[in-house]
Amino acid sequence: MQKILTVCLGNICRSPMAQGILRKKISERGMDIKVDSAGTADYHVNEAPDPRSVETLLKYDNDISDLRGRQFITEDFDNFDLIIPMDEDNYGHIIKLARSKEDSRKVKMLMNYLYPGENISVPDPYFGGPEGFDRVYEMIDKATDKLLQDIQR
Ligand code: 4NP
């Protein structure tokens, strides 16, 4: 079974949205993939996703209120096949923790599935208004479609 970990800073806005969007697509498509999420920071450990993230996904019949925040740990390199940072800061943070080339090869920025090599970040919506969360949803929705297509090949 493939195992995917999505990663952002706080693990309450972007990466739980990505986890929930992937979880729903995986279930609908009958795929055998496990998905989890983590934050590079420990600010929101054990917290539920930001209410704005929960509400944004509820518009698409997707309930992520069961998810809880946790921090990325080095052992995640052993437990996951793909580690998917949302932005360049998260990417840099995780790459620094990699112990080997094999670890580093697992780390792929989400938007590079749609725009290879461009290193486009999913913007942090935490300090902005609700429209930021809709934009984040659109970006993640498109990129995760491509990610799941790539994995199936
Ligand atoms: P996330 O958003 O990384 O998408 O979960 C953030 C959540 C919390 C904070 C920053 C970003 N914070 O500074 O507490």
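**Salt bridges in a predicted model**

Modeller: In this predicted model, a network of salt bridges links K25, R29, D141 and D145.

Biologist: And how many salt bridges are there by this rule?

Modeller: The count comes to 13 salt bridges, among them one between the side chains of R52 and D50, where N and O are 2.8 Å apart.

Biologist: Is D50 buried or exposed?

Modeller: D50 counts as buried because its relative accessibility is 9%, and the cut-off for that class is under 20%. Its partner in the salt bridge, R52, counts as partly exposed, with a relative accessibility of 25%.

Biologist: Moving on, which residue does K59 pair with?

Modeller: K59 forms a salt bridge with D134, and the closest N and O atoms of the pair are 2.8 Å apart.

Biologist: Where does R99 lie, and what part does its partner D78 come from?

Modeller: D78 and R99 form a salt bridge whose closest N and O atoms are 2.8 Å apart. R99 lies in the loop between α4 (88-97) and α5 (101-105) and D78 in helix α3, so this pair ties together parts 21 residues apart in sequence. As for accessibility, R99 counts as partly exposed, at 46%.

Terms used. Residues numbered from 1 in each chain as written. Predicted model: local features only at pLDDT ≥ 70, side-chain atom pairs only at ≥ 80, totals over all residues. Heavy atoms only, no water. Salt bridge = Lys/Arg side-chain N within 4 Å of Asp/Glu carboxyl O. Buried < 20%, exposed > 50% of the residue type's maximum accessible area, 1.4 Å probe, protein only. Helix = DSSP H or I, 4+ residues; strand = E, 2+ residues; numbered from the N terminus.
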